[in-house]
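Thank you for making time this morning.

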Amino acid sequence: MPAGRISADDLTIRQKVKEYTFAGSVVSVVNGKKGEAATAAPAALQAFGKSTSPIEVKANRLDVNDVAKTALYSGSVSAMQDGATLIAPELEISYEGQAVA
């Protein structure tokens, strides 16, 4: 099962430094965790949504740095999971493993 998907109007790949920039109408859907790791979330995080549910993030831009394992959403960011919505000018996420890009 794929980790998720990303769509955008434009994509720039800087392969040598493992950086990816998605621009214009960015929509990403990240699948939730499966198994035991999904039940280990602190109570404060469980209030946002079930960790097994997909997270949909919309933004004007997404910069992924696969070396640092970070993804920075910027410009009118909204993240939705299980009926809960977070709205912010920027959202930075760290991850493990390979980038979705």
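**Ser 53 and its surroundings**

Let me begin with the side chain of Ser 53, which makes a polar contact with the side chain of Asp 82 at 2.9 Å, where a polar contact is a pair of N or O atoms within 3.5 Å, one able to donate a hydrogen and the other to accept it, and residues adjacent in sequence count only if both atoms are side-chain atoms. This is a predicted model, in which local features need pLDDT of at least 70 and side-chain atom pairs count only at pLDDT 80 or more, while totals for chains, interfaces and linings use all residues. Residues are numbered from 1 along each chain as its sequence is written, and side-chain values use heavy atoms, with hydrogens and water left out.

Ser 53 sits in the loop between helix H1 (43-46) and strand E4 (55-65); helices (H or I, at least four residues) and strands (E, at least two) are DSSP runs, numbered from the N terminus. Setting aside residues up to four places away in sequence, Ser 53 touches Gly 32, Gln 81 and Asp 82, contact meaning heavy atoms within 4.5 Å.

Is Ser 53 buried or exposed? Its relative accessible area is 10%, so Ser 53 is buried, the class being under 20%, with exposed over 50% and partly exposed in between (1.4 Å probe, protein chains only).

Turning to the whole protein chain, there are one helix and six strands, in the order β-β-β-α-β-β-β along the sequence, and of its 101 residues 27% count as buried.
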